[in-house]
There are 4 protein chains.
Amino acid sequence: MPIINVSSTLEYNVATPTTFVFSVVPAETSHQRILQENLVLSPDLDYEWLNVGKENMRNIRLQANPGSFQLDYQATVELSPDVDHAPMIDEVSYQTLPAEVLDYLNPSRYCESDRLALFAQKEFGAHLTGYSRVEAICDWVHNQVDYVSGSTDASSSACDVLINRAGVCRDFAHTSIALCRALGIPARYISGYAVDLQPPDFHGFFEAYLQGKWYMFDATRMAPLSGFVRIGLGRDAADASFATIVGSATLENMQVSAVVDAGSTGNEAPNDAISTS
Amino acid sequence: MPIINVSSTLEYNVATPTTFVFSVVPAETSHQRILQENLVLSPDLDYEWLNVGKENMRNIRLQANPGSFQLDYQATVELSPDVDHAPMIDEVSYQTLPAEVLDYLNPSRYCESDRLALFAQKEFGAHLTGYSRVEAICDWVHNQVDYVSGSTDASSSACDVLINRAGVCRDFAHTSIALCRALGIPARYISGYAVDLQPPDFHGFFEAYLQGKWYMFDATRMAPLSGFVRIGLGRDAADASFATIVGSATLENMQVSAVVDAGSTGNEAPNDAISTS
Amino acid sequence: MPIINVSSTLEYNVATPTTFVFSVVPAETSHQRILQENLVLSPDLDYEWLNVGKENMRNIRLQANPGSFQLDYQATVELSPDVDHAPMIDEVSYQTLPAEVLDYLNPSRYCESDRLALFAQKEFGAHLTGYSRVEAICDWVHNQVDYVSGSTDASSSACDVLINRAGVCRDFAHTSIALCRALGIPARYISGYAVDLQPPDFHGFFEAYLQGKWYMFDATRMAPLSGFVRIGLGRDAADASFATIVGSATLENMQVSAVVDAGSTGNEAPNDAISTS
Amino acid sequence: MPIINVSSTLEYNVATPTTFVFSVVPAETSHQRILQENLVLSPDLDYEWLNVGKENMRNIRLQANPGSFQLDYQATVELSPDVDHAPMIDEVSYQTLPAEVLDYLNPSRYCESDRLALFAQKEFGAHLTGYSRVEAICDWVHNQVDYVSGSTDASSSACDVLINRAGVCRDFAHTSIALCRALGIPARYISGYAVDLQPPDFHGFFEAYLQGKWYMFDATRMAPLSGFVRIGLGRDAADASFATIVGSATLENMQVSAVVDAGSTGNEAPNDAISTS
């Protein structure tokens, strides 16, 4: 039962009256309990909690006037993931998938799975199934795509990354998600905090729906899955921006951290499959 | 209060055991009442009702064995849309949009609104607002894009259509949706039946969120809005396929119809804005 | 010294006065001698020989009036390719490439080599060089891309094919060319006739510049290289259409054939590298 | 007869033995005479003159070893353009275009004219022809595309710019070229020096083939056409990079200038059409 301290500081220079929606607060689920949290806005603006999308995302909406504006959020989160034996976890056939996961088979802005049916079949169609197949996808993405800061931008999609072979965490997630969906495996994007991420930043990873649960995966292999704290989720990063800004504001400073307070993470055994959904 | 008879017949040659999800049944809403309906499957297979996505989509899932398979659906639907005075309908500012419509501002597979901010601003940013602005988008799409059967395929997106300037109903909807979202107006894709559509077929159109309601629009201008019967909705056509097929089956025959049984449609006045959501 | 009979018949229904440029006549080179040829136009229109691009392309330009129009071309061609020992053929370093081949390193409409540097390096960068490396590219394209008639259209490029993993001969050539250029190997598109092609049609393949010569390759592996008769060449298929039509005309019938008249083709040994340039 | 002093300084930090091809030297044509020029390399490396492509491009190829490397080029150029009366200049019909300009009707990497036939017809098909039509294209691009440094990268094409509506000089040229070709007007990319360009830099513009000559155009409107000094030309910017680098080197400093030495530029009358080809 690791306990994790997360925090984020976002400082903006606001040029015109601007509406912000922040997605920096961990979701509250049966596997992820907020023991304590603290939100400070400077200046001390009114804000509103928004539940955008499904699954207990807790976003913050506020309007800031011109000048300096800073958000400081800090929380202590207790994680109690399910840990299952990966080799036993199989895929769910299309005729028995629950209705609420079917949307996560559809192509989305950054995950054009509709174009990748033959690709996925040729690369991952032959032998494996279930958890092992998603792992094979992560291995492939990890090996075939270089992690290069600045190599992609806000319009880069899985197909772009499969051609350019470079990207950052959201691109690794998008590419993996697109390949999963192309094989009939529901997959969704997760934004969150990650213990031990270097350099410290928000993180993007994904979950695949297997045998009745959403299991976590991360093709970047940059941090242990057991230290991931979920903030938002959606079809892809379009649904889980850390900050949406309508108006005019410049990010002046950003600091993100996630450290183990008690218990431990990063000690998942080779065959541990981790689910928090 | 028009009453509309809709029907669809879909006949397949099934090659291997195949799972189908059909989205051909009208949604039941406070504005759209199913007076009577009849579903016949030949052979008489077991099926399951699926509520995919939100908003009362009623999909049918079944598994068919090799051989011939036919679905016949027929319903009588009473429509009671809200009719508002279009020139009075304004946009909702970002800081007051309800949480449940925010997803419809995000770019999606076929509506890359993230790329179109400058485009939309240059073409539609200057004068209009609200219902009139969405109408201006529909006018532009109607005039700048040719309706050409076969000019696009299942991977064509709004950006493709803006370049190629040709498409079919789903492309007209995608392009309009993308431009709305790029201007901060939530927009979503609707699949349905349409009275007077020539040639008869399923139809794809869209809704924009204005002043607290979802209003219907159709840049194809091929049929009267007041004769539209909603089946499904979603971010774009990826969420609202008439048939999703996992396995191997060939569509041998398709017949779709929508005719007025009583009351009338198509008589919306120039300034009528129609909402059924 | 195989001698090959080639012929093509193209029949059009012309709707308005239309200008045609046909590229169906074999090039005359030191390795490809036209022993006899015959061109019949019905009706018997005036035409002009055009040398488009470099390298002895002999195109035919004419203007046809509304009505039926047919071109029949037939020729006997003697091929005398250079046959070299493939394993000995190396790449030419950038600092010694002749000026006239440098354009064939640049990306072109259907061969976006500028995007594929990392891709090509990861897939083909490690061990091989020279002829063997181009062969490895052809093997990869042959195995990873399905030959599917109708899977692509006139706007499909190498990057599309690398995602969709399906195409026809021009797509196989474009993909191979793009990967060669991304590795610094000049490559160009060739249109031509091919003995034993099934079904009979015009063919598209490519040449790579190695050790001072342009060597032929064909990732489709559908016909023997030694039975290829070159018509046109260029950066990609945009430069080598069999017919360019400005006006309005419909192709009603097309017949293409290439058969061995004397000598033999298709007997290249495993290590034969064939050059006709 | 303006006389123009041009110069460029390019300073690199070379990491590994690297081959450079520089395209910074003005072409010598009947309309552009080099009165004097001076090339200094530091260190004083061997180099080779390369005539890449057609039309008297004079590129410099050399190999540099690790360390600092600098190229200084300076020239005095006398321009004697043809100046014609724009409203009289018409398009050339496809059946009479000379063979050597036909390649410039084909789509190229950054100018996907094959996709833009309907677009160009809808926007520019109605009234104008000849020089006025190309001017209408330049007007449209000038008004619809924002000049934004850093908004595009080396893979951005005309279709990207038509969607994103932002770009730099090469993007303005690519978009205009693509639209010209889509209308049957041969167009090509020109790289060069431009008097009065702010900030000083190399420039990219284009030429369209009308009534037997290549006329200069520039949709950026950032500098007078009569002060343009041509370096290279090609189908698009892929053929006319200022520096092609094979190896590993970082540009540390770049300075470009073009100033009038005698005579004058920028005084073209409203209806002057300028040709130097």
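Colleague: How many salt bridges does the rule find across the interface of chain A and chain B?

Modeller: A salt bridge is a side-chain nitrogen of Lys or Arg within 4 Å of a carboxyl oxygen of Asp or Glu. By that rule, four salt bridges cross the interface of chain A and chain B. One of them joins Arg235(A) to Asp239(B), with N to O at 2.9 Å. This is a predicted model, in which local features need pLDDT of at least 70 and side-chain atom pairs count only at pLDDT 80 or more, while totals for chains, interfaces and linings use all residues; side-chain values use heavy atoms, with hydrogens and water left out. Residues are numbered from 1 along each chain as its sequence is written, and chains are lettered from A and ligands numbered from 1 in the order in which they are written.

Colleague: How many residue pairs are in polar contact across the interface of chain A and chain B?

Modeller: A polar contact is a pair of N or O atoms within 3.5 Å; within protein, one must be able to donate a hydrogen and the other to accept it, and residues adjacent in sequence count only if both atoms are side-chain atoms. Here the rule finds 20 residue pairs, both members being at pLDDT 80 or more. Strand 1 (3-22), strand 3 (48-50), strand 4 (59-64) and strand 13 (243-262) of chain A each supply at least two residues of the side that touches chain B. Strands are DSSP runs of E, at least two residues long, and helices are runs of H or I of at least four, numbered from the N terminus.

Colleague: What area do chain A and chain B bury between them?

Modeller: The size of an interface is often given as the accessible area lost when the parts come together. Buried area is taken with a 1.4 Å probe and summed over both parts. Chain A and chain B bury about 2,500 Å², 52% of it on carbon and sulfur atoms. Tyr94(A), Gln95(A) and Arg109(A) supply 26% of the area that chain A buries there, more than any other three residues. With contact meaning heavy atoms within 4.5 Å, 31 residues of chain A meet 31 residues of chain B.

Colleague: By what turn can chain A be laid on chain B?

Modeller: Two copies of a chain are related by a rotation about an axis and a shift along it. Superposition is by least squares on the C-alpha atoms of residues with pLDDT of at least 70 in both copies. Chain A is laid on chain B by a turn of 180° and a shift of 0.0 Å along the axis, with an RMSD of 0.0 Å. That is the relation of a two-fold axis. Of the residues of chain A, Arg109(A) comes closest to the rotation axis, its C-alpha lying at 1.9 Å. The copies meet through the same surface, because 100% of the interface residues of chain A are also interface residues in chain B.

Colleague: How many salt bridges are counted between chain A and chain C?

Modeller: The count is six. Among the salt bridges is that of Arg165(A) with Glu123(C), whose closest N and O atoms are 3.3 Å apart. On the side of chain A that touches chain C, the largest share, five residues, comes from helix 3 of chain A. The area buried between chain A and chain C is about 1,600 Å².

Notes: Buried area is the accessible area (1.4 Å probe) that two parts lose on being put together, summed over both.
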